[in-house]
Amino acid sequence: MIKHTDTDYFQAHRRTYGLHLYTGSALVLFLIIFTLFLPGCRSVREAECDPSLPVASTLKIAGDLDAQHKILLAFAQGYPGNVSNVEFLNNDWTMLVNGKRFYYANGRFLPEEIRVQWENYLPYDFYAYPWKGTAAQRKIFIDNPVYAAGSSFLFETLYSSPAEDESWNLQEKYSFLGVKMLIHPLIKPKLDSILTQIRAAARTDSSINRWIAELHTGAPSFGWTWRVIAGTNRRSNHSYGTAIDLLPRDLKGRLTYWRWNSDTNVGAEIDSKTYYLPPETVIKIFEEHGFIWGGNWALIDTMHFEYRPEILILNDIKIKY
Ligand SMILES: [Zn+2]
């Protein structure tokens, strides 16, 4: 059953907003590819290679069964209704995702039938959050975009969204402080609770009131859209309706999304003069409910909130369940 009727509204904004979502979904890939070059500094970026670059790399946990176990436990903890039965089976750590067994498979998270083909896929990266690199390190990410095929099996199974139609049919209409969007039902109770807390905080914090009043409740703000990164089969979390964008009506010259920035300001310090920033309390409320904020990424996206409890758990950030 399709629960939304004003599909034209959403379809129109899928098109107009496509650029952001298309490029935004490349973030995780950038991080993955970049980390591949860290050990041994074998890349052409030898001079810039900095082993202390604060990005958690899947490679660092290669062969470390305890670290791999910890990642699967973070999924079980973060998605208690969907992920269970973390077990060591057939010489690998495994977990059930909506009843389907996934193997760690050298960080690729693959189902039984393709686990032996793990080399065909890129590993997931459980990166440091918040990212704490320097402006120069940020520029390295931005200057070295690399695209490659990765696996989407895990999140497609987790969100019962193997294809666009299935995903679309699952989505529910939602109004977040007046911003219309489509979201996955799994995050609805989280957003309900986030809204309650933001409204409560707004009673005593005028900066939150101001932020709410300035939110763009029209065209550009968005939740679900089905997008794949060119040349890959990897999806943005917007494809599952588990990421939302919140923009002000007027950016007043401030930056928000790294792809919209000019070359000269990619390394700009993240402050409220240069960037559009939601109030810190709002960011904290989102994080407590399992959402990461794009402003804490190496590739800045300050309008973006994404449901990734496993990332927060692995970075020892407390969340509510
Ligand atoms: Zn976004």
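Predicted model: local features only at pLDDT ≥ 70, side-chain atom pairs only at ≥ 80, totals over all residues.
Strands of a sheet pair through backbone hydrogen bonds, either parallel or antiparallel. Here three strands make an open sheet, ordered E7-E9-E8, with antiparallel pairing. Strand E7 (243-245) and E8 lie at the edges, each pairing on one side only. From one strand to the next, the twist averages 20°. If you look at E8 and E9, you will find three bridges joining these antiparallel strands. A handy landmark is Ile292, which stands opposite Glu306 in E9.

Now bring in helix H10, which packs on the sheet and touches E8 and E9. The direction of H10 makes about 145° with that of E8. Helix H10 spans residues 280-288, and its buried residues are Val282, Ile285, Phe286 and Glu287. After H10 comes Gly290, with a positive phi near 95°.

Phe286 leads us on to the largest nonpolar core, which has 64 residues. Phe286 is among the members that touch the most others, along with Phe109, Leu110, Met181, Ile183 and Ile244. Take Leu110 as a place to look around. Setting aside neighbours within four places in sequence, Leu110 is in contact with Phe102, Tyr103, Ala105 and Arg115, and also with Trp118, Tyr121, Ser151 and Phe153.

Conventions:
Residues numbered from 1 in each chain as written. Buried ≥ 20, exposed ≤ 12 C-beta atoms within 10 Å, placed from the backbone. Helix = DSSP H or I, 4+ residues; strand = E, 2+ residues; numbered from the N terminus. Core = buried A, V, L, I, M, F, W, Y, C linked by C-beta atoms within 7 Å. Contact = placed C-beta atoms within 7 Å. Pairing = 2+ DSSP bridges. Axes fitted to C-alpha atoms, helices over the stretch in contact; angles between N-to-C directions.
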